[in-house]
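Subject: Structure handover

Hello,

The structure you asked for is below. My notes on it follow directly after.

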Amino acid sequence: MFQQLPRLEADPILGMLAAYRADPRPHKIDLGVGVYQDELGRTPIMRAVNDAERHLLVTETSKTYLGIAGDPSFNERLLGLLLGTDDRVSAEGRVRGLQTTGGCGALRIGAEVIRRARPEATVWVSAPTWANHVPLIGGSGLRLAEYPYYDPRTHGVDFDAMMGALAEVGAGDVVLLHGCCHNPTGADLSLDQWREVTALALANGFTPYVDIAYQGLADGVDEDVAGVRHLLAAVPEAVIATSCSKNFGLYRERVGAVYFLTATAAQAEAVQTQAMAAARQIWSMPPAHGAAVVAHILGDATLRSDWLEELADVRGRINAMRVLLAERLAGNAAGIDFDFIRRQKGMFSYFGITPDQVQRLREEYAVYMMESTRINLAGVTPANIDALAAAVHAVLGRGA
Ligand code: LMR
């Protein structure tokens, strides 16, 4: 049976991680997979996570099944983090969700439920979008299409082109929006632009599908979702996929949630049963540990404020590296103005060099970035920035 299956290419992001790990050069630099590294190049367990794990070790009394929807206090507290204190939609009972296996699980269950509701729906994704959006959402059987998003000339959002394309999207179709820290470009919508997208969603009737995997990595946990909160307070329906991989550093624990905002509380209850049925068909029930950690941190005032403090340090380090890298690359022989790196948000920027230069950086200097030229700013450290800047200057022409 299996003889007919060909060998597949490695996953574009996780394959890069494997290649980086296999590289024996000690000076190698990892700007590939979207994982935070501290200034010593480590991916630490956050203090509040450590504390919550210790707490769970002594207080957990059973390993019995969680149930399909997962941990109710996690689902509620994570939604609270997203929607904030002025949260009308939850008060109206119009939003229901379930715990998922990371943001990927959330995205897939969201897609499965959309397909149950409307198999002929098209999901519009930004060009470019996160490499795994297409297989995750497309794997449900839904059709995908692209709307223009990133403008390589300005290194920002081509908002006119985006709105021009979305003006043609109507009721019954879905528009996937990155809540903040656009992956892979780092180019985010401004609050005014979120307002315009919201007005268009209301006028045209398409359903927004928000993927928010980096809340707190740009400007702050509330600041980063100002646009999303505006949207969700206005539209009758939306799907939201969230992840705790980055902002809680819980990557391998696979912690996320999917929420459905519907026009009435009764619809929200019905949609949740559909989402639970979809999850039961795929993984049955989510793993408990990571969600219990997040629920405990968000429910404990001391741990929550320690987590927020450490998250601010994470964000501060990434933003400091943005400034430093832009400075170090000034005056390059190719005349590229890298100042956009300061303006972009979150872990990623599109570096905008040629595929040949990406390959030379990897082969000659052990600098790993995605073929798309996506770089992870959290991989830049005070210890490697000189080598990184020298390598980039070299491949751009000086001292090559
Ligand atoms: C990334 O974009 O690098 C991360 O979200 C990791 C992944 O699963 O692709």
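Ser349 is buried, with a relative accessible area of 0%; buried stands for under 20% relative accessible area, exposed for over 50%, and partly exposed for what lies in between, with a 1.4 Å probe and protein chains only. Ser349 sits in strand S11, residues 348-350. Its side chain makes a polar contact of 2.8 Å with the side chain of Arg322. A polar contact is a pair of N or O atoms within 3.5 Å; within protein, one atom must be able to donate a hydrogen and the other to accept it, and residues adjacent in sequence count only if both atoms are side-chain atoms.

Some conventions before the rest. This is a predicted model, in which local features need pLDDT of at least 70 and side-chain atom pairs count only at pLDDT 80 or more, while totals for chains, interfaces and linings use all residues. Residues are numbered from 1 along each chain as its sequence is written, and side-chain values use heavy atoms, with hydrogens and water left out.

The chain as a whole

The protein chain has 15 helices and 13 strands; these are DSSP runs numbered from the N terminus, helices being H or I with at least four residues and strands being E with at least two. Of its 400 residues, 52% count as buried. The C-alpha trace spans about 65 × 55 × 55 Å along its principal axes. The radius of gyration is 21 Å, which agrees with the value near 21 Å for a compact globule of 400 residues. That radius is taken over C-alpha atoms, and the globule rule is 2.2 Å times the number of residues to the power 0.38.

The ligand site

Which residues are around the ligand? They are Ile13, Val33, Gly34, Trp130, Asn183, Tyr214, Lys246 and Arg374, where a residue is near a molecule if one of its heavy atoms lies within 4 Å of it. This shell divides into four nonpolar, two polar and two charged residues. In that scheme Ala, Val, Leu, Ile, Met, Phe, Trp, Tyr, Cys and Pro count as nonpolar, Asp, Glu, Lys and Arg as charged, and the others, Gly among them, as polar. At least three residues of the shell come from each of domain 1 (12-45 + 303-397) and domain 2 (65-299); the domain bounds come from an automatic or database domain assignment.

Three side chains place an N or O atom by an oxygen atom of the ligand: Asn183 at 3.0 Å, Lys246 at 2.9 Å and Arg374 at 2.8 Å. The ligand has 260 Å² of accessible area on its own, and the protein covers 82% of that. Accessible areas come from the Shrake-Rupley method with a 1.4 Å probe; for residues, only the protein chains shown count as cover.

Backbone geometry

Most residues other than glycine have a negative phi, and most peptide bonds are trans. The following entries depart from that pattern.

- Ala127 and Pro128 are joined by a cis peptide bond, with omega about 0 degrees. Pro128 belongs to the loop between strand S3 (122-127) and helix H6 (133-138).
- Ser284 has a positive phi, near 70 degrees. This residue is in the loop between helix H10 (265-282) and helix H11 (289-299), and counts as buried because its relative accessible area is 17%.
- Ala366 also has a positive phi, about 60 degrees, and is not a glycine. It falls in the loop between helix H14 (355-365) and strand S12 (367-368), and its relative accessibility of 0% makes it buried.

Around helix H9

The loop between strand S8 (207-212) and H9 contains Val225, and Asp222 lies in that loop too. Is each of them buried or partly exposed? Val225 is buried, at 0% relative accessible area, whereas Asp222 is partly exposed, at 42%. Val225 is 142 residues from Leu83 in sequence, with 8.0 Å between their C-alpha atoms. Asp222 and Leu82 are 140 residues apart along the chain, and their C-alpha atoms are separated by 7.9 Å.

Ala233 is in helix H9 itself, residues 226-234, and is partly exposed, with a relative accessible area of 41%. From Ala233 to His133 the C-alpha distance is 25 Å, at a sequence separation of 100 residues.

Regards
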